[in-house]
Amino acid sequence: MRFLAALAVPLLAALATLAPLPAAADAVPTVTDPVAQGRAVKLSEKLRCLVCQNQSIADSNAELASDLRGQIREQIAAGKSDDQIVEYMVNRYGDFVLYDPPFKPTTILLWLGPLLLVIGGFFVLIRNLRRRPAAEPTLTAEEQQRAARLLAGDNGKTNQ
Amino acid sequence: MNKKLLIPLVVFIAIAGFLFVGLWRDPREVPSPLIGKPAPQFTLTQLHTPETKLGTSDLKGQVWLLNVWASWCVSCREEHPLLVELGKAKIVPIIGLNYKDQPGPGKQWLLQNGDPYTTSVVDADGRVGIDYGVYGVPETFVIDKNGTIRYKQIGPITAEALEKKILPLVRELQKS
């Protein structure tokens, strides 16, 4: 047993050096300043990961996302403003990286489309309401007599 | 027939039309903002001759392809035979950007699958890749004599893309 234990210790030590956890490298915060860290997190939440398109850079485990998080931290450390960093990303990956795309000719339909649909819907609704006959339905003489009888409580049955 | 009854039908056909076209479009293909812009500068070590570097400025004055590849990249295998053919034809220099790879496996991969590249440069930390907006390896850029990016292929090159887009564009750019 003792022999095995003696063998196990260097073996385990060797294993530990052979297999560094890849995730751990990513988790080490390179920015210790909490304000900068907060900015880095905010920025990476605003940017879309292009590898897994429905996740932000902050959420994604893709290697590219981790590289881009590193870029953000590095640029913050270099004194770049948030706008400059966003511009850096847009210059490389296009407006698609932004979860909040800018308002410009190519995105006009995206921004105004829903509004147009709502306006169109109201238009159709108003037209239909106007066209509906507003006048009270007229009753024949016979129906009027029956109505009068019903209103008087004499409907041939006992009221409860 | 009442004309109003046609409205839902028309709306349905329009929506169905959009969805139908959408079936054949790849949502992973995001148009690159770099097309028509100067190719980002780089100076990188060459894979086979680590003592020499290659930069974008060395390639000025000729049309060239930048192909982003890696030994870990599965779909690179898909396009590789086409690249090897293209390399043999010597129509256009193909520069390989060995993206986030290690020199050992990278060289081994080229030995196994053939080396179509005029030369490959090493982008070990993926920084040049970020400058080129790379997000899905393989990617291929066509760069003109002035160093402007003219075309970007996201994902593996297909025979169709090569025949219909890349080669005609390369020939046209070489003439100018």
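Guide: The questions below concern a predicted model and the terms used to describe it.

Visitor: What confidence does the predictor give chain B and the complex?
Guide: Chain B averages a pLDDT of 92, and 99% of the residues score at least 70. For the complex, the predictor gives an ipTM of 0.79 and a pTM of 0.73.

Visitor: What makes β6(B) and β7(B) a pair of strands?
Guide: Pairing requires at least two bridges; 5 bridges join β6 (residues 139-143) of chain B to β7 (residues 149-154) of chain B, and therefore the two strands pair. They run antiparallel, and Ile143(B) stands opposite Ile149(B). The two strands form a hairpin with 5 residues between them, and Gly147(B) in the turn has a positive phi of about 85°.

Visitor: Which residues touch the most other members of the largest nonpolar core?
Guide: That core has 52 residues, and Leu65(B), Leu66(B), Ile95(B), Val137(B) and Phe141(B) touch the most other members. Leaving aside neighbours within four places in sequence, Ile95(B) is in contact with residues including Leu65(B), Leu66(B), Trp64(B) and Tyr117(B).

Visitor: How many residues of each chain are in contact with the other chain?
Guide: In chain A there are 12 such residues, and they are in contact with 11 residues of chain B. On the side of chain A that touches chain B, α4 (63-77) and α5 (82-93) of chain A each supply at least two residues, and α5(A) gives the most, with 4 residues. By class, that side of chain A has 6 nonpolar, 4 polar and 2 charged residues.

Notes. Residues are numbered from 1 along each chain as its sequence is written. Chains are lettered from A and ligands numbered from 1 in the order in which they are written. This is a predicted model: local features need pLDDT of at least 70, side-chain atom pairs count only at pLDDT 80 or more; totals for chains, interfaces and linings use all residues. Two residues are in contact if their C-beta atoms, placed from the backbone, lie within 7 Å. Ala, Val, Leu, Ile, Met, Phe, Trp, Tyr, Cys and Pro count as nonpolar, Asp, Glu, Lys and Arg as charged, and the others, Gly among them, as polar. pLDDT is the predictor's confidence in each residue, from 0 to 100. A nonpolar core is a set of buried Ala, Val, Leu, Ile, Met, Phe, Trp, Tyr and Cys residues joined through C-beta atoms within 7 Å. A residue is buried if 20 or more other C-beta atoms lie within 10 Å of its own, exposed if 12 or fewer, and partly exposed in between; C-beta atoms are placed from the backbone.
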